[in-house]
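Thanks for coming. I have one structure to go through today, and I will keep to what can be computed from its atoms. Please look at the model first.

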Amino acid sequence: MDDQILYTQQLKADKALVTVSGLTKIYAAGKIALREVSLSVSPRECLGVVGESGSGKSTLARCILTLEPFDQGELMLDGQSVRGVKRRELKRIRSRLGAVFQHPATALNSRLTILQSLLEPLDQLKGYIPSYVTGIPSGRRDIAEHLLNMVKLPAAYLDKYPHQLSGGEKQRVTIARAISTEPDFIVLDEPTASLDVTTQAAVLNLLKDLQDELGLAYLFISHDLAAVHFMSDRIMVMKNGGVLEHFSKDELFQSARHPYTQSLLEVFSTCCLPTEPILL
Ligand code: ADP
Ligand code: MG
């Protein structure tokens with residue numbers, strides 16, 4: 001049996017949060033952006049996706065987040081196929097997913113205060129009371145303050161506007177927003193690519209801490225193999241819309257790796273990830 005199919009079936013049996021089977025996406029001009037991509041993400045797991053620019057990583061992210069329709073294949077979220085689901089159900093499914101993208105400046109509305117931006121997702125889920133509200137006075141400001149605290153930003157930032165924050169601070173706000181609705185699974189699409197090297201390390205460490213603390217599963221997308229290695233339990237390598245190989249993090253340095261993966265290893269950077277033992 002095809003390795004990809006076998007792999008997906010095995011993970012389905014483990015009650016994956018997200019299962020993608022044979023996903024194909026063709027853009028209007030006939031551009032095939034995804035070719036029969038299969039993957040699966042289990043609870044509390046981080047699957048890293050690495051590949052050069054244009055390999056289809058962001059298209060995959062948008063398809064999984066149900067922001068983009070796909071042409072063939074199957075997407076199961078929380079054991080349920082998204083094919084043909086009603087709009088209301090889709091809204092419910094989307095509320096269980098978090099997303100952090102590359103450019104925090106465009107993810108935040110420049111006219112809203114940080115407090116308003118932080119509470120936007122919860123405001124859309126009318127009537128939903130997050131479990132972290134228990135035990136604290138449940139005013140809007142308290143909720144927003146709790147979220148800022150989760151991403152290690154001071155409460156004084158609540159009344160600031162995005163332009164008053166650095167890139168790393170803005171990305172912390174988008175991370176706080178992503179966890180506000182208590183998703184089990186978050187898509188991180190190049191979350192540190194727009195940040196300087198020191199800030200990248202701090203944000204990656206924050207994401208790792210939050211994953212442990214909140215029991216999150218991640219799809220972590222990057223063109224930077226060092227960042228993917230630091231974050232992930234398993235790694236998937238993409239090229240030209242297809243999956244070249246899947247392997248566990250420990251197998252990255254084995255000689256059996258695809259020549260393309262080995263070429264990515266040649267530019268493996270050791271500069272930005274101070275806490276990863278293998279990089280010391
Ligand atoms: P990556 O995130 O790995 O850089 P993308 O998913 O953004 O890759 O793009 C994959 C391919 O699909 C690229 O060739 C890109 O030019 C193309 N593509 C992306 N978005 C669109 C679109 N909206 N219309 C047409 N082609 C697109
Ligand atoms: Mg991209």
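I start with D78, which sits in the loop between strand 4 (72-77) and strand 5 (80-81). The phi of D78 is near 55°, a positive value in a residue other than glycine. Most residues other than glycine have a negative phi. E182 has a positive phi near 55° as well, and E182 lies in the loop between helix 7 (167-179) and strand 7.

Before I go on, some bookkeeping. This is a predicted model, in which local features need pLDDT of at least 70 and side-chain atom pairs count only at pLDDT 80 or more, while totals for chains, interfaces and linings use all residues. Residues are numbered from 1 along each chain as its sequence is written, chains are lettered from A and ligands numbered from 1 in the order in which they are written, and side-chain values use heavy atoms, with hydrogens and water left out.

Now the overall numbers. The protein chain has ten helices and ten strands. It has 280 residues, and 52% of them count as buried. Buried means under 20% relative accessible area, exposed means over 50%, and partly exposed is in between, with a 1.4 Å probe and protein chains only. The accessible surface of the chain is about 13400 Å², and carbon and sulfur atoms hold 51% of that. These areas come from the Shrake-Rupley method with a 1.4 Å probe, and for residues only the protein chains shown count as cover. Among contacts with a separation of 6 or more, 68% join residues 24 or more positions apart; a contact means heavy atoms within 4.5 Å.

Next, the ligand. Which residues are around ligand 1? They are Y27, K31, A33, E52, S53, G54, S55, G56, K57, S58, T59 and R62, where near means that a heavy atom of the residue lies within 4 Å. By class, this shell has two nonpolar, six polar and four charged residues. Nonpolar covers Ala, Val, Leu, Ile, Met, Phe, Trp, Tyr, Cys and Pro, charged covers Asp, Glu, Lys and Arg, and the others, Gly among them, count as polar.

An oxygen atom of ligand 1 is 2.8 Å from an N or O atom in the side chain of K57. An oxygen atom of the ligand is 3.1 Å from a polar backbone atom of S55, and a nitrogen atom of the ligand is 3.4 Å from an N or O atom in the side chain of Y27. On its own, ligand 1 has 570 Å² of accessible area, and the protein covers 62% of it.

Helix 2 supplies the largest share of the shell, four residues. Six of the eight residues of helix 2 (residues 57-64) are buried, so this helix is largely enclosed by the rest of the structure. Those six are K57, T59, L60, A61, C63 and I64.

On to the interior. A nonpolar core is a set of buried Ala, Val, Leu, Ile, Met, Phe, Trp, Tyr and Cys residues joined through side-chain atoms within 4.5 Å. The largest one has 51 residues, and L118, L148 and Y218 touch the most other members. Helix 9 (residues 225-231) gives the most to this core, with six residues. Apart from it lies another core, of 29 residues, with L65, F70, L77 and V243 among them.

Within helix 5 (residues 114-124) we find L119. L119 is buried, at a relative accessible area of 3%. Leaving out residues up to four places away in sequence, L119 touches R140, I143 and A144.

Last, helix 8. Q200 is in helix 8 and is buried, at 13% relative accessible area. Its side chain reaches the backbone oxygen of L195 at 3.0 Å. D196 is in the loop between strand 7 (185-189) and helix 8 (197-214), and counts as partly exposed at 48%.

That is where I stop.

Conventions. Helices (H or I, at least four residues) and strands (E, at least two) are DSSP runs, numbered from the N terminus. A polar contact is a pair of N or O atoms within 3.5 Å; within protein, one must be able to donate a hydrogen and the other to accept it, and residues adjacent in sequence count only if both atoms are side-chain atoms.
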